[in-house]
Amino acid sequence: MIKTEIKRGINLYTVKDKKFKAFRACVLIHRPLRREEVTLNALTAAVVRMQSENFPDAQKISEELENLYGGQMIARASKYGERQILKIGVQSVCDDALPEKGNFDRAMKLLRDIAFFAGDGNGFSDNVVDIEKKNIADEILAQKNDKRTYSVLRLQEEMCKDEPYGINPMGYIDELEKISSETLYSHYKKIIAESRIDIIFSGNFNEDEALVAAKNFADELSERDGVKIGEIYKAPRSQVKEITDKMDVTQGKLCMGFRCKEGLSKEMYPAAVVYNSMFGGSAVSKLFNNVREKLSLCYYVSSNIDRLKEIMMVRSGVEFDKFKTAYDEIMAQQQMMADGDFTEEEIENAKKQLVGAYESNLDSIAAMAEYYTMQLLLGTDMEIREMTEKINAVTREEIIEIAKGMQLDTVYYLDKE
């Protein structure tokens, strides 16, 4: 990944691979995860794809995407650690795969319009804003109907009650009701003017043309320092916090939040990835093979580490009368990891699974772009091949060190009424 500073606070990142017949270009607008603006950001990402100065409605934008050989649009607000990133982009066929040039330039004109000149020049359409407010309200309600998603959100909310990480990245319905097209457009112009902006190109494209496009994007933007965003680290509680919700459900949910050792170094990142794969992050993990398959304590069980926030979450679906048994076995498996009670075969199986997963990123422009987005957020610049080499070099001692740094902080139960 090659970084080029366009202006202070505005950077270009390029990841080129000629084997693709397409390219993806995304504008990333970095915002701190704040209760007072999270809903505005989610709604902004939904609205910008519906109207711009040169494409006055969704129909015109859709027609232009068809003209881009079935081009795709990306427009969403996502949570990364304790930041919310508005990701606005396009993906289309590269000029090298077409009989004549011009598709790249046309795609860049559309992206510039949607990312930086959304609306009609004076504001957003009341009708568009109202439609997208309803769509987002439906998505927020859908989170509660999907009990897997809901239980994880509730764990994060309770575990990180006084931290930005506990905020729902989709926003809140009561806040949606207060937003007008005028306030939303004012917020959109504000974040374009002050936020850190990263522009990422991936796939097959001409680097010089990408640089010209990025400079064109930034032409009317001022330099900026960006709003300061930093992860908040908290030590685990001295006494584990337990929360129980009761709902009309047919299956219980058990979610467990662990705090990682402070300052999990960049050098230990590959070891953390291997540890998670061995513990609960894959089909070769201890949680999957023992808690689910062998003991049949869970319908599903898995773990994942948020490297930006340095917390680990275990999520599972269990019978209501097996909460305690499943909890005890999950903790026993974690203790086995900390004690080094695992075989060389388990290590090798986890590494093979991870290497295969990382190498598969090389076959997808979207996956490749997401991998490198995480790299720039982590402040690292590790190519995928380098990452797989470091995974294969992880030692037993490093895995144990990661496991010993995991301490249970919060347990969330979703029980029947």
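Reader: How many aromatic pairs does a search of the whole structure find?

Author: The search finds 11 aromatic pairs. Please bear in mind that the model is predicted.

Reader: Take Tyr185 and Tyr188; how are the planes of their rings arranged?

Author: The pair is tilted, because the planes stand at 45 degrees, with the ring centres 6.0 Å apart.

Reader: And where do Tyr185 and Tyr188 lie?

Author: Both belong to helix α7 (residues 181-194), where three residues, about one turn of the helix, separate them.

Reader: Buried or exposed, Tyr185 and Tyr188?

Author: Both Tyr185 and Tyr188 are buried.

Reader: Turning to Phe323 and Tyr413, why is that pair classed as edge-to-face?

Author: The planes of Phe323 and Tyr413 are at 70 degrees, and planes over 60 degrees apart count as edge-to-face. Their ring centres are 5.1 Å apart.

Reader: Which parts of the chain does the pair link?

Author: Distant ones: Phe323 is in helix α11 (residues 323-339) and Tyr413 is in strand β11 (residues 407-416), 90 residues apart.

Reader: What is the relative accessible area of Phe323?

Author: Phe323 has a value of 10% and is buried. Tyr413, at 12% relative accessibility, also counts as buried.

Reader: Which residues form an aromatic cluster?

Author: Phe23, Phe104, Phe201 and Phe205 form one cluster.

Reader: A change of topic, then: what lies over the face of Tyr172?

Author: Arg35 does, at 3.5 Å from the ring centre. Over the face of Tyr165 lies Lys79, at 3.8 Å from the centre of that ring.

Conventions: Residues are numbered from 1 along each chain as its sequence is written. This is a predicted model: local features need pLDDT of at least 70, side-chain atom pairs count only at pLDDT 80 or more; totals for chains, interfaces and linings use all residues. Side-chain values use heavy atoms; hydrogens and water are left out. Rings of Phe, Tyr and Trp (its six-membered ring) pair if their centres lie within 6.5 Å; planes under 30 degrees apart count as stacked, over 60 as edge-to-face and the rest as tilted. Helices (H or I, at least four residues) and strands (E, at least two) are DSSP runs, numbered from the N terminus. Buried means under 20% relative accessible area, exposed over 50%, partly exposed in between (1.4 Å probe, protein chains only). A charge sits over a ring if NZ of Lys or CZ of Arg is within 6 Å of the ring centre and within 35 degrees of the ring normal.
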